[in-house]
Amino acid sequence: MTPLRLGYLYGFGAYLLWGFFPLYLKLLRPAGPMEVLAHRIVWSVAFVALLLAAMRNIGFLRALLRRPRALAGIGVAAALIAVNWATFIYGVNSDRVVETALGYFINPLVVVLLGVTVLRERLRPAQWVALGIGGLAVAVLTVDYGRLPYLALVLALTFAGYGLVKKRLGLPAAEGLFVESAVLALPALAYLGWLTVGGDATFGHVSVGHTALLVSAGAATAIPLLLFAGAANRLPLTGLGMLQYLAPILQLGCGVLIFHEPMPPARLAGFALVWAALIVFTIDALHHSRRTHAATVAARHATPTPAPTTTR
């Protein structure tokens, strides 16, 4: 199998697992969102630690401890992904899967917005059009919900911010997830201990299957991230960008078709505007990628070949 095909296989697997993740979270009831989050953090540390030990790659921690700025960045990334996970779990548990799907639909637009506000990037006209349509979509959905779709906005902002921090840190997927989860592990363990002492913990008190599902939260978190890392290392950005819409499409399908969440006409119109913005954004990205590639090839061919030197 070629690296490109393997990359698409990894990417499809990652987004497929993320797309159906609401089904898994529903199985964790009656555990509350914060208990699920704490177990997700703790078991992620355990799962990735075993994985790194099997890969004999624990030594990376020594080098990382000598980089205080990187450690500070990891703390920021850990906080962002914790808020993202908590918001997503809360959204699924409160029967708002459709709104969580919206967050990941608008995530690419928020990434572009962060590029303007944080990185001072200049947008192309089509990107401004996509952002304008996305803003109109949020306004329509605000009218439909009777409030800002704050779950979607928090998910989009935290995941876009997390991606920005991760890009600057440049850590591999497994190592990054281990350190981020380890930063959050002590508060998570303290919270689980408080639940246990108060008699409110569901871990070990519902069924063997429920306990096994909570333990599996570590693998359910790490595996798609590792698949995504494998895809990112093999696919062009355009290919990876097209795959990213698979997860929210599946989440939307779960919300509407499996959990029977409402989709009134006004909400459907808001989603249609989001999809229109994404179409404009994607077409522009494809055109820009082709133009950049063509310019690179032309520059390469235009570079004169140095004349061979002769010796006497």
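Residues are numbered from 1 along each chain as its sequence is written, and side-chain values use heavy atoms, with hydrogens and water left out. Because the model is predicted, local features need pLDDT of at least 70 and side-chain atom pairs count only at pLDDT 80 or more, while totals for chains, interfaces and linings use all residues.

The protein chain contains 14 helices and zero strands; helices (H or I, at least four residues) and strands (E, at least two) are DSSP runs, numbered from the N terminus. Along its principal axes, the C-alpha trace spans about 90 × 55 × 40 Å. Of the 312 residues, 43% count as buried, where buried means under 20% relative accessible area, exposed over 50%, and partly exposed in between (1.4 Å probe, protein chains only). The accessible surface comes to about 16,400 Å², of which 70% belongs to carbon and sulfur atoms; accessible areas come from the Shrake-Rupley method with a 1.4 Å probe, and for residues only the protein chains shown count as cover. Among contacts (heavy atoms within 4.5 Å) between residues at least 6 apart in sequence, 85% join residues at least 24 apart.

In soluble globular proteins, nonpolar side chains tend to be buried together. A nonpolar core is here a set of buried Ala, Val, Leu, Ile, Met, Phe, Trp, Tyr and Cys residues joined through side-chain atoms within 4.5 Å. The largest such core has 44 residues, and Leu25, Val48, Leu64, Phe88 and Phe178 have the most contacts inside it. Several helices, including helix 2 (21–27), helix 3 (33–54) and helix 9 (173–197), each supply at least two residues of this core. Helix 5 gives the most, with 11 residues. Not counting residues up to four places away in sequence, phenylalanine 88 touches Phe21, Pro22, Leu25, Thr100, Tyr104, Leu155 and Gln251. A second, separate core of 26 residues includes Ala101, Leu109, Ala137 and Ala277.

A salt bridge is a side-chain nitrogen of Lys or Arg within 4 Å of a carboxyl oxygen of Asp or Glu, and the count comes to six. In one of these, the closest N and O atoms of lysine 26 and aspartate 95 are 2.6 Å apart. Lysine 26 lies in helix 2 and aspartate 95 in the loop between helix 5 and helix 6, so this pair ties together parts that are 69 residues apart in sequence. Lysine 26 counts as buried because its relative accessibility is 14%, whereas aspartate 95, at 44%, counts as partly exposed. Lys26, Arg29 and Asp95 are linked in a network of salt bridges. Another salt bridge joins aspartate 144 to arginine 267, with the closest N and O atoms 2.6 Å apart. Aspartate 144 belongs to helix 7 and arginine 267 to helix 14 (residues 265–302), so the pair connects parts that are 123 residues apart in sequence. Both aspartate 144 and arginine 267 are buried.

Threonine 221 is located in helix 11 (residues 217–232) and counts as buried, at 2% relative accessibility. Not counting residues up to four places away in sequence, threonine 221 touches Arg40, Ser44, Trp85 and Leu177. Leucine 16, in contrast, is found in helix 1 (residues 3–19) and counts as partly exposed, at 30% relative accessibility.
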